[in-house]
Each structure stands twice: as C-alpha cells, then as structure tokens.
Amino acid sequence: MVSVEVVAPSNIALVKYWGKHPDYPDLFIPTKSSVSFNIDAFRTKTRLKVRKGKGAVRLKLNGRRIAADRAEFSYLSGFFSRMQSRYRFARDYDYDIESRNNFPTAAGFASSASGLSALAVSFARAMREERELPSLDDREVSIIARLGSGSAARSAPSRGGLVIWHRGYDNARNATQASESSFAETLYGPRHFSDLELICITAWQGAKKTKSRAGMDESVKSVYDYWQWVEHEEEVLLPSVLSAAKRRDWESLFGLVKQASNNFHSLCLRTSPPIVYLNDVSRRIIEAIEPMKFAAYTFDAGPNAVVITLKERAREASAALEKIVGGRNLVVSSIGAGPIVE
Ligand code: PMV
C-alpha cells in the first residue's frame with residue numbers, strides 16, 4: 001500500500017475555458033487555450049491510498065463519505081475510467097481518497113480544479129512509488145488532471161503562478177496526438193506578480209445553477225457566434241494578456257481581464273437556454289471596480305468575483321468591496337505556487 005498527501009491550489013481564469021472540442025468529446029480538449037492565476041488561499045488537501053485491487057474507488061469529501069450514486073462521485077468515476085484507459089495498469093489498484101477544501105465548494109471557485117489536480121499529482125506520485133516508475137513531468141500530470149476537469153489542468157504545474165493550458169489540437173492528426181498536445185505549463189512563477197494581490201469574494205455559498213460541464217456543451221451547440229469568440233480569444237485577447245503580463249503592464253492586463261470576463265458572461269447569456277451566473281451583487285461589484293484603473297474583476301461560473309489589484313492600492317479596492325459584501329466575505333490572497341507533495 002502507498003499513501004500520499006498533496007495540497008493543490010485553486011485557480012481563477014483570466015482567459016476562460018468554455019467548451020470542449022466536438023471532435024474529441026471524451027478527451028477534454030478545449031476549443032481554445034486559457035490562462036489563470038493560482039489562488040494561494042484556496043486549496044484542497046488530498047490523501048490518496050493505493051493498494052492492489054480491481055479499480056474500486058472510495059471518496060470522503062470534507063469529512064463526509066460520498067456514495068457512488070452522488071453527483072460529486074460521477075466526476076470521479078469519469079476521471080478514473082478516462083485515466084485507466086490511458087494507464088492500463090491503473091485498473092489493478094483500489095483507491096481510497098480523502099479530500100478537504102478550505103473554501104466553499106461549488107460557489108464559482110473551481111473546487112474541481114484544486115481537487116482534481118491534487119488527485120492527479122497524488123496518483124502520479126503514488127504510481128511512481130508503487131511501480132517504481134520514473135517521475136511524471138508537469139506536462140504529463142497536467143494531462144492527467146485535464147481528464148478529471150479541464151480547469152484542473154491549470155492547477156497542476158509545480159511552479160504555479162500564471163499558467164497557460166494550450167488547446168493544442170491545431171496540428172494533431174488524430175485524437176491521441178490532440179490529447180498529448182493539450183497540456184498546461186507555467187509561464188511566469190508567482191514572484192513575477194509580487195505587485196499584485198487577489199481579493200476573493202465568498203459572499204455566495206450556494207450551489208452553481210448550471211454546472212460548467214453541461215453549460216459549456218450548450219454554449220458550443222447553441223451560440224451562433226461561438227467560433228468567432230474562440231478565434232478572437234485565441235488570436236487577439238490571449239496574446240495581448242500574455243504580452244501585458246510579460247511587460248508587467250498591469251493597467252493593460254486589468255482592462256483585458258475585465259473584457260474576457262464580460263465576453264464570457266455575455267456568451268453564457270446568449271446560450272440557449274440562457275446561463276446566468278452573475279447576480280445583483282456581481283453587478284454592483286462590476287460597477288464599483290470598473291472605474292478603478294488599478295484593479296480588475298473576473299467571474300468564473302458563479303456570482304463570486306475575484307478582484308485582481310495592485311497591492312499598494314488593495315485597501316481602496318477592499319473598502320469598496322466591503323461596502324457591497326461586508327468584510328467577512330473577502331479573502332485576500334497572493335498568486336500561488338503549484339501543488340505540494342507533503
Ligand atoms: O473545468 P471546469 O468544468 O471546472 O470548467 C471551468 C469553467 C470556468 O471556470 C468558467 C472557466 C475556467 O477556465 O476555469
């Protein structure tokens with residue numbers, strides 16, 4: 001038996017992932033590349049025990065045993081079946097997983113991102129010990145995490161910071177090549193962003209109305225200009241974000257981040273049936289932050305914003321947010337490193 005413990009961060013997308021490529025429905029290959037910051041303050045701690053067996057999986061989430069017929073478990077069984085077709089030997093083991101988040105689940109902070117990247121790193125480490133394999137590199141681990149949840153790929157690279165997940169399929173001749181080419185990597189480690197701070201709003205703690213997985217499938221099918229959005233983000237927005245980050249041109253970065261978030265939520269609204277993740281509190285946050293040249297808001301699949309701000313102006317941004325959601329609902333974080341094996 002091998003037992004490993006891994007702590008992995010969540011992430012907030014600056015340029016969002018929203019849609020799997022229709023040619024490769026089971027491989028979680030995105031229609032476009034995405035980039036994110038790791039959120040140091042929001043983590044999942046996972047203990048994985050692996051022993052010889054027949055592929056049985058048991059899960060304890062935040063102290064509660066999760067039965068195999070629950071929705072949380074279906075994420076996991078999907079992950080294991082995809083992963084076991086990648087590594088056939090993985091069928092010869094049983095898995096006991098205990099996972100704990102230090103932040104609200106399903107509120108728009110990608111809990112699946114930290115959870116499934118923690119699991120992917122644990123699996124890679126456990127198999128290295130159990131089967132005396134060479135250690136898997138970041139690229140491979142991010143591909144494993146991707147098979148659990150797309151956004152988890154971006155929480156997997158060990159340096160963290162600003163992470164890109166390449167869509168990768170452009171020159172692929174078949175599904176295997178496409179899968180190998182869609183991986184995540186760190187572009188700049190957390191130190192590059194020491195001028196910046198994240199203010200995470202946790203006011204809304206309910207479950208997501210539309211799960212991202214179902215929502216993105218609807219968008220790909222029903223938004224008339226979906227592929228135009230993909231092309232614009234891939235060819236224009238994403239390169240501009242990377243260039244602003246490289247130059248540490250924060251004002252430009254903030255403008256682009258707001259644009260990407262608004263483009264994404266307008267795409268959700270144009271989906272049939274429409275997907276509405278933002279609520280009245282989100283709207284007030286947008287109005288308060290929009291005029292600030294030293295900050296940006298961004299929302300994933302939920303009403304809670306993450307505000308990215310210059311550290312030296314963070315108090316001003318916090319004061320404005322406190323008036324809307326109260327001080328107890330703000331968590332300040334730096335941009336985090338990657339997963340740690342404890
Ligand atoms: O990978 P999922 O199913 O957690 O989907 C993530 C979707 C967004 O959070 C909205 C965007 C993103 O890139 O993280």
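S149 is found in the loop that runs between helix 3 (138-146) and helix 4 (152-155), where helices are DSSP runs of H or I of at least four residues, strands are runs of E of at least two, and both are numbered from the N terminus. This is a predicted model, in which local features need pLDDT of at least 70, side-chain atom pairs count only at pLDDT 80 or more, and totals for chains, interfaces and linings use all residues. Residues are numbered from 1 along each chain as its sequence is written, and side-chain values use heavy atoms, with hydrogens and water left out.

**Two buried positions**

- S149 counts as buried because its relative accessibility is 5%; buried means under 20% relative accessible area, exposed over 50%, and partly exposed in between, with a 1.4 Å probe and protein chains only.
- Leaving aside neighbours within four places in sequence, S149 is in contact (heavy atoms within 4.5 Å) with F28, Y75, S112, L116 and R213.
- A124 lies in helix 2 (residues 111-131) and, at 8% relative accessibility, also counts as buried.
- Residues up to four places away in sequence not being counted, A124 touches L136 and V141.
- The C-alpha atoms of A124 and I144 are separated by 8.6 Å, although these residues are 20 apart along the chain.

**Helix 1**

- Helix 1 (residues 71-86) has 16 residues and should span 22 Å at 1.5 Å a residue; its end C-alpha atoms are 24 Å apart, which agrees. The expected span is 1.5 Å times one less than the number of residues.
- The buried residues of helix 1 include F73, L76, F79, F80 and M83. Also buried in this helix are G78, R82 and Q84.

**The largest cavity**

- A search of the whole structure finds one cavity of 30 Å³ or more. On a 1 Å grid over the protein atoms alone, a cavity is a set of points where a 1.4 Å probe fits but cannot get out, whereas a pocket is an open set with protein on both sides within 12 Å along at least five of seven lines; lining residues have an atom within 4 Å of a point.
- The largest cavity holds about 290 Å³ of space; grid points are joined across faces, edges and corners, and a volume is the space filled by probe spheres set on the points.
- Its lining has 22 residues, of which Y17, W18, S151, S212 and M216 are the closest to the centre.
- Strand 1 (2-15) and helix 6 (212-222) are the elements that give two or more residues to this lining, and helix 6 gives the most, with three.
- By class, the cavity lining has nine nonpolar, seven polar and six charged residues. Ala, Val, Leu, Ile, Met, Phe, Trp, Tyr, Cys and Pro count as nonpolar, Asp, Glu, Lys and Arg as charged, and the others, Gly among them, as polar.

**The second largest pocket**

- About 240 Å³ of space lies in the second largest pocket. Among its 14 lining residues, V121, L136, D138, V141 and V341 are the closest to its centre.
- Helix 2, helix 3 and strand 12 (340-341) each supply at least two residues of this lining; helix 2 gives the most, with four.
- The pocket lining comprises nine nonpolar, two polar and three charged residues.

**Cysteines**

- The structure holds zero disulfides, a disulfide being a pair of cysteine sulfur atoms within 2.5 Å.
- The sulfur of C200 has its closest cysteine sulfur in C268, 20 Å away, which is too far for a bond.
- C200 is buried, with a relative accessible area of 0%, and C268 is buried with a relative accessible area of 0%.
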